[in-house]
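Colleague: Please take a close look at one part of this model, namely its aromatic pairs and their surroundings. I would value the geometry together with the criteria behind each term.

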Amino acid sequence: TLTASPVSAFTANHRISRRTYGLNLAKGFGDKPTTRSKKQPSPAPSNEDADAGAPVAQQNVPTKFEPAPMNAGQKALQRLQDAERSKKDDELRQVKELRMVDSMVTGNPNAAVIPEKVAMRMGKRMLPFVGLPLFGVLGTFVAFWYLRVYKDMVFETSLVAVCTIAVLVISLLGITYSVMSASWDEDSDGSLLGIEEFQKNVGNIKDGLNRTSQNAILREKMAGLSEAEIEAAIADLERRENREKRKGMSLKDKMDEEGL
């Protein structure tokens, strides 16, 4: 039999070990040979690092939130809402005033009575503006009678009637003017002819008639609401008005109002 020499056996083992070492390297086992790595460039600083190193004046400071501007449609809608809110507030003010007047009349029955001084002033002005036309009616009858009897003048009956009615109409107008030209202020006597007082009183009557019609409409609207709802709406209106009033007041005025 043939036997391998020790040299040939060593050579064969050395070849097997080199082949095994190459396989291990291919599979990821074993120590890898050290190679000189290329120099990597340093990473560029990020935006956050740049902001952190920048001065305070140049950093991005968050600003206060500002709402986006409204377009034309939104502005028109806002105007309509403001107008409707203002209209409701005006109605609430009228309701408040109406309730105050009702409570005043209910608590004081003499509140709707003409003051005694004003009534006496009206009576005094009736004497010249009413008495003279009434005496004129009598004078007209006497004049026609005198001309018919002593002067033998003939007049149509319609003429006598027209003259008499005209004088009566003047006397009625005198009654109206005497009442309307009197001063309705207890502390003021007014002028002799009362032209300014007449104009002022006519304006007051017009305002009263308009207010009466508005009050009738308000009473119809109030009829469908309860007392608690009306009181709550008026309280909310007063609260908003006080808040708007205090916005324009200085600190001193607020302290004086609160008694501090």
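Modeller: Among contacts (heavy atoms within 4.5 Å) between residues at least 6 apart in sequence, 63% join residues at least 24 apart. This is a predicted model, in which local features need pLDDT of at least 70 and side-chain atom pairs count only at pLDDT 80 or more, while totals for chains, interfaces and linings use all residues. Residues are numbered from 1 along each chain as its sequence is written, and side-chain values use heavy atoms, with hydrogens and water left out.

The protein has 8 helices and 0 strands; both are DSSP runs numbered from the N terminus, helices being H or I with at least four residues and strands E with at least two. Buried residues, those under 20% relative accessible area with a 1.4 Å probe and protein chains only, make up 13% of the 260 residues.

I turn now to the rings. A pair of aromatic rings is described by the distance of the centres and the angle of the planes. Rings of Phe, Tyr and Trp (its six-membered ring) pair if their centres lie within 6.5 Å; planes under 30 degrees apart count as stacked, over 60 as edge-to-face and the rest as tilted. By this rule there are 4 aromatic pairs. In one of them, Trp 145 and Tyr 150 have ring centres 5.6 Å apart and planes at 80°, so the pair is edge-to-face. Tyr 150 is exposed at 55% relative accessibility, the cut-off for exposed being over 50%. Trp 145 and Tyr 150 also belong to one aromatic cluster with Tyr 146.

Another pair, Tyr 177 with Phe 198, is tilted, at 5.3 Å centre to centre and 35° between the planes. This pair links distant parts of the chain, since Tyr 177 lies in helix α5 (residues 157-180) and Phe 198 in helix α6 (residues 195-223), 21 residues apart. Tyr 177 is partly exposed, with a relative accessible area of 21%, and Phe 198 is likewise partly exposed, at 29%; partly exposed means in between the buried and exposed cut-offs.

The helix that carries Phe 198, α6, has 29 residues that should span 42 Å at 1.5 Å a residue, and its end C-alpha atoms are 42 Å apart, which agrees. The expected span is 1.5 Å times one less than the number of residues. In α6, Glu 197, Asn 201, Asn 215, Leu 218 and Met 222 are buried. Their cover includes α3 (72-107), α5 and α7 (227-247).
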